[in-house]
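Dear colleague,

Please find the structure we discussed below. Kindly read the notes that follow with the structure open beside them.

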Amino acid sequence: MTRRRSTSLALAVPLAIALTACAGGAPDTTSVVVQEMNSDHVDETLGDDTSATTGPDVDTTEVDGVEVAGAGEAVDSFSEARPAVVQIIAEGTLRDPEVGVTATAGSGSGFLISPDGLAVTNNHVVTGSSTLDVYIGGDTAKAHHATVIGASECSDLALIKIDVDGPQAYLEWADEEAEPGLDVYAAGFPLGDPEYTLTKGIVSKARANGDVTGSSSIDHTIEHDATIQPGNSGGPLITVDGEVLAVNYAGGSLAEGASKQFWAIAANLAEPMVEKLADGDAESLGINGRPVFDDTMALSGIWVSGIKPGTPASDAGLLPGDIVLTLNGVPMATDGGYADYCDVVRTSGTNTMSVEVLRWDTAEVLRGEINGSAELEPILSLTDVAGGEVPEGDEPDGGDMPTDTVYQYEKVTDDTGALTIDVPTHWSDRQTAPSYSPEGLAFIGASDDLDAFRSGHTHPGLVFYLRPYQGNERDILHHYTYGDVCAEEVTEDFEDAMYSGVYQIWSSCEDTGGLVVNLLLSDNDHSFTAVMTTYVATEDDLEALDRAFASFTVSAG
């Protein structure tokens, strides 16, 4: 069954879920939120010699004039870390659920882990980018090209290879355990500023919540108060000895009076994942996404902002703008986070997994396989089920049937605002008042001639209305029979992530070549029964029926 729930996702996107510390404007002052990149700020600040911005009331350690690690050497002090810390400028396009396709240009941070240019950053800094330019140690005189070796959306980590001219200073992973009170330093390039910044703090919690952003699923994080801001994403949280204790990736409120706490991916989790990324993507389908959840529409899933070419998601046919509803039958983002998605990805690995996708643009629910051979296809298309049972549009089977060969469509909403559906513009005779429904609930009727549609099987059209929940759909089919005037052809159950029910196809209605199609469905909470009855006179009307099934929206409160 092709499906859609709503004409807009603006209310479904949980913009107050996570603040990742990539480049952009000032963080939200009330909560942890998704932080978008700010291309204007990046363009203005590259090459600027102004002082680095470190946020209000921050302890800042100056590194100018202080001896730093030499080329090809491992850093052994926090004060020598600068040559091993990089600024990453990413450009590309992503699809946002509220504003559509957007060109993005923003920056994050990272750090070298080998003399030959291997560096670590966050997945969300580089995924979806078309180009990566890297500036090493705050030196803006030369931009180095970089490529992504491997990435993990579930761990929010990426390994990149920077095109360097010779051996570079690098950072080593810390062996010591994080403990509350341990002195730490956050190194990076916040707010797109090319000037290197180092802030000092202490570890607040050694094992804090790992899902603070909602866009990854990490076992635990290190919580600290060394201030980071957008642009610090992927930069190192280092010890006094200059070793990487964790990888910064998220920040909280900077409002006056608020507790300033920030989060980093612990080294004992990051280091083994980075080793895996040397061989390519891990714990990843190649999706750059975010969880979407709207309780009022019972809609949850992973909104796909971008797809990495050559990945399982790309090979399966997923597109930016899709919403992944289920993986291996498990509903996605029911808690507003990434945990369910990552649990399935980690468990399945490279094995075949089923996927159910809401394709927002065409209002279809598609089902297929990732790492498998089954292509994404609509869950149900009545054109396929009954396409050979009706006359072609230009060869009507007698009567007063229309012979249109091409329909144009428009959206119709009932007077209560609970139902919307796409119908042919040719079906201009319409009723949208609740008084036409048996219990006075939402109702839509549409045809080129509703009276003729109701009185006999000569004119195509549909009625679509709500009733209080009537019970199991198969148990109530006898209330919607056409056995006295038609021959039963097909009775089948259907189910998708949002609805379940049954459809019935009747043929030879009053000796015509048309079909009556009945659809009975209810939502997962059984709060209503929706009934759609359509008369199909020609193949063109069958296309209109598929369009109706694909586009209907139920927003019953």
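The notes below cover strand pairing and then aromatic pairs.

This is a predicted model, in which local features need pLDDT of at least 70 and side-chain atom pairs count only at pLDDT 80 or more, whereas totals for chains, interfaces and linings use all residues. Residues are numbered from 1 along each chain as its sequence is written, and side-chain values use heavy atoms, with hydrogens and water left out.

Strands are DSSP runs (E, at least two residues), numbered from the N terminus, and two of them pair if DSSP finds at least two bridges between them. Strand β4 (residues 129-136) pairs with strand β1 (residues 85-96) in the antiparallel sense over 7 bridges; here G92 stands opposite S129. Strand β4 is also joined to strand β5 (residues 144-152), again antiparallel, by 2 bridges, with V134 opposite H144.

There are 6 aromatic pairs in the structure (rings of Phe, Tyr and Trp, the last by its six-membered ring, with centres within 6.5 Å; planes under 30 degrees apart are stacked, over 60 edge-to-face, the rest tilted). One of them, F111 with W173, is edge-to-face, at 5.7 Å centre to centre and 80 degrees between the planes. F111 lies in strand β2 and W173 in the loop between β6 and β7, so the pair ties together parts 62 residues apart in sequence. Both residues are buried (under 20% relative accessible area, with a 1.4 Å probe and protein chains only; exposed is over 50%, and partly exposed is in between).

F443 and Y465 form a stacked pair, at 6.1 Å and 25 degrees. This pair links strand β23 to strand β24, 22 residues apart.

Yours sincerely

Conventions
Helix = DSSP H or I, 4+ residues; strand = E, 2+ residues; numbered from the N terminus.
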